[in-house]
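Have the model open as you read.

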Amino acid sequence: IAGDTKIQISIERNGALVFENRIAISQMKRTHTELTAYLLRELTFPNGAYLMTGTGIVPPDNFTLQSGDTIRIAIDQIGVLENQVA
């Protein structure tokens, strides 16, 4: 994935946008290559593995998710993950 690839998070509450932000993956603290190297340092994964990195986007300290909120995480050229808070 190219460093200028964007990650976007949006959170909707009752149909209204309450938080949104977007960054390039190059703004993340560690590169995917570095994280993968750590993952593979001690273990092997003959069937593959998922490396969960987080997004590098954090809502303000006074923000709290609420039941019914819809969270969308979109990554250019990969797709969208959408979940609703129970």
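## Arg and Glu on strand β1

R13 is buried, with a relative accessible area of 18%; buried means under 20%, exposed over 50% and partly exposed in between, using a 1.4 Å probe and protein chains only. R13 sits in strand β1, residues 6-13. Strands are DSSP E runs of at least two residues and helices are H or I runs of at least four, numbered from the N terminus. The model is a predicted one, where local features need pLDDT of at least 70, side-chain atom pairs count only at pLDDT 80 or more, and totals for chains, interfaces and linings use all residues. Residues are numbered from 1 along each chain as its sequence is written, and side-chain values use heavy atoms, with hydrogens and water left out.

The side chain of R13 makes a polar contact of 2.8 Å with the side chain of D69, and the R13 side chain also reaches the backbone oxygen of T64 at 3.0 Å. A polar contact is a pair of N or O atoms within 3.5 Å; within protein, one must be able to donate a hydrogen and the other to accept it, and residues adjacent in sequence count only if both atoms are side-chain atoms.

The side chains of E12 and R72 are joined by a polar contact of 3.2 Å. Leaving out residues up to four places away in sequence, E12 touches L17, V18, G68, D69, T70 and R72, where contact means heavy atoms within 4.5 Å.

## The nonpolar core

The largest nonpolar core has 10 residues: I7, I9, I11, F19, I23, I25, M28, I57, F63 and I71. Such a core is a set of buried Ala, Val, Leu, Ile, Met, Phe, Trp, Tyr and Cys residues joined through side-chain atoms within 4.5 Å. β1 and β2 (16-24) each supply at least two residues of this core, and β1 gives the most, with three.

Which residues is R13 in contact with, leaving aside neighbours within four places in sequence? They are V18, F63, T64, L65, Q66 and D69.
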